[in-house]
Amino acid sequence: MYDHGMTGWGYALMALGTLGFWALVALAAMALLRRPAAGPHLPGPTPQQLLAERFARGEIDDDEYYQRLATLEYGGPPQKKRRITMTAQRVLIAYGTKNGATAEIAEWIAEELREQDLDTDVRSAASVRDIAAYDAVVLGGGLYAGRWQRDATGFARRHREALTRRPVWLFSSGPLDASASERDIPPARGVSRIADRLDARDHVTFGGSLTEGAQGFIARQILKQGKGGDFRDREQIRAWAHGIATRLSGSAQPADHG
Ligand SMILES: Cc1cc2nc3c(=O)[nH]c(=O)nc-3n(C[C@H](O)[C@H](O)[C@H](O)COP(=O)(O)O)c2cc1C
């Protein structure tokens, strides 16, 4: 047996030390077990939840709720949507007619422009005093012996100044056969001069119409010879008007309503 020279007291102290050590281990274990579960960090209510509670309690109205929520989520209240709309272009269709055919064409053109959301007035050329309210003008005349019916020419003369500052489209109503549907018919000489003076965007010749009840000796002769009829081509007229609407809509000014 080896003797390490330890006395009885030594053994007693060693036993006490061992006991003390295990007692400390036990205490540490108990302390660990008693600690609340070290789960994930449990946060308090988020600002969003607090806000929702205030809203639910009726402390803030929905406007304020959404504004504050936007501030929390995106750093600022939602931008008020800017309402951008196009101001409707106002169009005048003025006509010079003797027997009503050109007036009806003007109405058909207006139908198409209105369908394309253009604010459109149709007026007898003789009745228009002022065109300041209009952004664009369409002027048409029935053809008589190679000239426009005089209300149309008078309109072009009276409003020349104002017309040159607006987009202007011209049309004639004349041929009593299918020619205008089949090919482009150039403007009569006088109409061509008007087109130049007004710097018109376009001129088109539509077929004419001469039917029972037309005024004038020659008109009655034409009808008697069976050379009358309605040669207006609604599709052609509509397509032309559609082209105008497209151009005007493309040039509409945006109106900012804030
Ligand atoms: C006396 C008279 C002269 C006409 N002269 C022409 C003419 O020079 N060129 C033409 O293409 N059509 C001519 N026409 C046909 C008309 O232009 C056609 O009927 C037109 O649609 C009439 O339009 P309004 O009814 O609006 O007056 C003439 C018709 C009449 C009755």
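A residue is taken as buried if 20 or more other C-beta atoms lie within 10 Å of its own, as exposed if 12 or fewer do, and as partly exposed in between, with C-beta atoms placed from the backbone. The model is predicted, and local features need pLDDT of at least 70, side-chain atom pairs count only at pLDDT 80 or more, and totals for chains, interfaces and linings use all residues. Residues are numbered from 1 along each chain as its sequence is written.

Leu 170 is buried because 24 other C-beta atoms lie within 10 Å. Leu 170 belongs to strand β6, where strands (E, at least two residues) and helices (H or I, at least four) are DSSP runs numbered from the N terminus. Apart from residues up to four places away in sequence, Leu 170 touches Leu 139, Gly 140, Val 191, Ile 194, Ala 195, Ala 200 and His 203, a contact being a pair of C-beta atoms, placed from the backbone, within 7 Å. Leu 139 is in turn in contact with residues including Ala 94, Phe 155 and Val 168.

The largest nonpolar core, in which Val 91, Ile 93, Val 137 and Leu 139 have the most contacts, has 44 residues; such a core is a set of buried Ala, Val, Leu, Ile, Met, Phe, Trp, Tyr and Cys residues joined through C-beta atoms within 7 Å. Among the elements that each supply at least two residues of this core are β2 (90-96), β6 (168-173) and α10 (234-250).

Notes. Contact = placed C-beta atoms within 7 Å.
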